[in-house]
Amino acid sequence: MSTKPDSIRKIESSRGRFEIKAGLLFSLRAFFGAESFLEVNTPVRIKAPAPEEYIEAVSSEDFFLRTSPELEMKRMLASGFEKIYQIGPCFRSGEYGRNHRTEFLMLEYYQAHADYMQLLSLTTRMLRFAASELLPDMTAFFRGNRINFNAPWEIISVRDAFANYAGISAEDAIRQELFDILLVEKIEPALRKDVPVVMKDYPAELASLSRLKADDGTLGERWELYIGGLEIANAFGELTAPAEQKARFKKSYEFRKSAKMKEYPEPQEFYDALVSGIPSSSGCAMGLDRLAMVFSDADDISQVILQ
Amino acid sequence: MYSPSDLRKGLKVEVDGQPWVISEFEFCKPGKGTALYRCRLKNMVSGVTMEKTYRPVDRIEVPNVEEHEMYYSYNEGEFYVFSNTETYEETRISKEFLGDKAYFLIEEALCKVLFFNGKPIDVTLPVFIEKKIVETDPGARGDTATNVLKPAKLDNGYEIQVPLFINEGDLVKIDTRTGQYSERVNKA
């Protein structure tokens, strides 16, 4: 009879999944290498996280653990690095569930002089390459669905998704503070699960750090990737206009203050980068634990992470 | 009051003046959006279920739910009287509320009674009780098959299905969760 504790047996039973996760990291690095992207490492402990309304940073002495490497990587864009990627841990306080851990592994990549749809085409080629290396028939089996990476991906606008699946316009949903609830209750379950799905063009209120579309100022250049109904990645045509960026940060700082959330110092070095000029760029942040879940049919994130 | 981050599977909450237990729980958070706490709730009185999603700003009532160990004491017409093992306080529970459970009450049986705002809402009986069979057709001699069943009556008139080898006067063990025959009790 085995006397090993359950915590040890659980790790043993996860070996296959850890091997798939390692294979994923190996093929992503190979892909970025072939595309002439430079792997970079920026500090995990930072002075000033980007102020986001609903993302909480973990404090570490008088620093914060990064919630994403976004501001540091944009400083590199301003310094002439045109194709960069980073794989490393990020931390978001209070996030814990079947698809969430406070500490998780993020892949973030930026390309100067590429728009957000060009970045989607890069992302599509990247995941098809990983799928061809790791999955039979480039098809993942995840939470009861077969997801074919090689088939054409579904691209749907946020406006169409709300009109079709939630029976309310995205704008009305935002006004009635129902956007997130309807997204989780109506839209995510209705998205196709046989191919990766991209939701794009978020209303300007939810543009976050994306720039507004040149031909429609009510929409932000932002897309999110869903695989098997699970949110995997978020991408922006990056906002690089200094005044607009500072105005959005100011709004976030005010929101955080009025909601009695943790207050952050302003990211002076990032402001320096904005002023000196960040080239027109696009960037994407992808949760690698979740991607490993999809590739290894893990129902719970604990199956690909040691906690 | 609970805040949504207190919620978890098995927690009892009060919604619209009713007690509910969380049967499924999931933390959700769209990437840039607010955290959402999705629950499936089961009504502790009626058993109906509903789904509810809480936001971080929501607050949830803590229900006044208590469970007490009580002995079943005696029957008083339409009511069954239970007494608290610690305080000896008596609680009368109607036959209608107990349903079939009333047939499996045995004096001095240790039960668990769940109260919501001082009112009993559930009674959990001992898993197994022993009852005497007072009426059943005789089975064929030597027939010890257990997969063929016949009706039999308990001393309180309740009818159960028993194997053919059970005779009138036998003592049988009954599973109170299902109301079904479990095994014959060998007489000492």
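This is a predicted model: local features need pLDDT of at least 70, side-chain atom pairs count only at pLDDT 80 or more; totals for chains, interfaces and linings use all residues.

Trainee: OK, what radius of gyration does chain A have?

Mentor: Chain A has 19 Å, which agrees with the value near 19 Å for a compact globule, given its 307 residues. Its C-alpha trace spans about 65 × 45 × 40 Å along the principal axes.

Trainee: And how many helices and strands in chain A?

Mentor: 10 helices and 14 strands. Those are DSSP runs, numbered from the N terminus: helices are H or I with at least four residues, strands are E with at least two.

Trainee: At what angle do H2(A) and H4(A) cross?

Mentor: Roughly 135°, and the axes of H2 (residues 15-34) and H4 (residues 116-134) of chain A come within 9 Å. Axes are lines fitted to C-alpha atoms, for helices over the stretch in contact, and angles run from 0 to 180 degrees between N-to-C directions. So H2(A) is oblique to H4(A); under 35 degrees counts as roughly parallel, over 145 as roughly antiparallel, 65 to 115 as roughly perpendicular and the rest as oblique.

Trainee: Which residues make that contact?

Mentor: From H2(A), they include Gly23(A), Leu24(A) and Phe31(A); from H4(A), Met126(A) and Phe129(A) are among them. Contact means C-beta atoms, placed from the backbone, within 7 Å.

Trainee: Switching to chain B, what order do the strands of the open sheet take?

Mentor: E1-E2-E3-E4, 4 strands with antiparallel pairing. Two strands pair if DSSP finds at least two bridges between them. The edge strands are E1 (12-15) and E4 (49-54) of chain B, each pairing on one side only.

Trainee: How many bridges join E1(B) to E2(B)?

Mentor: 4. Val15(B), for one, has Gln18(B) in E2(B) as its bridge partner. Helix H7 (residues 179-190) of chain A packs on the sheet, touching E2, E3 (36-43) and E4 of chain B.

Trainee: How many residues does each chain put into the contact?

Mentor: 18 from chain A and 13 from chain B. H7(A) gives the most to chain A's side, with 5 residues.

Terms used: Residues are numbered from 1 along each chain as its sequence is written. Chains are lettered from A and ligands numbered from 1 in the order in which they are written. Two residues are in contact if their C-beta atoms, placed from the backbone, lie within 7 Å. The radius of gyration is taken over C-alpha atoms; the globule rule is 2.2 Å times the number of residues to the power 0.38.
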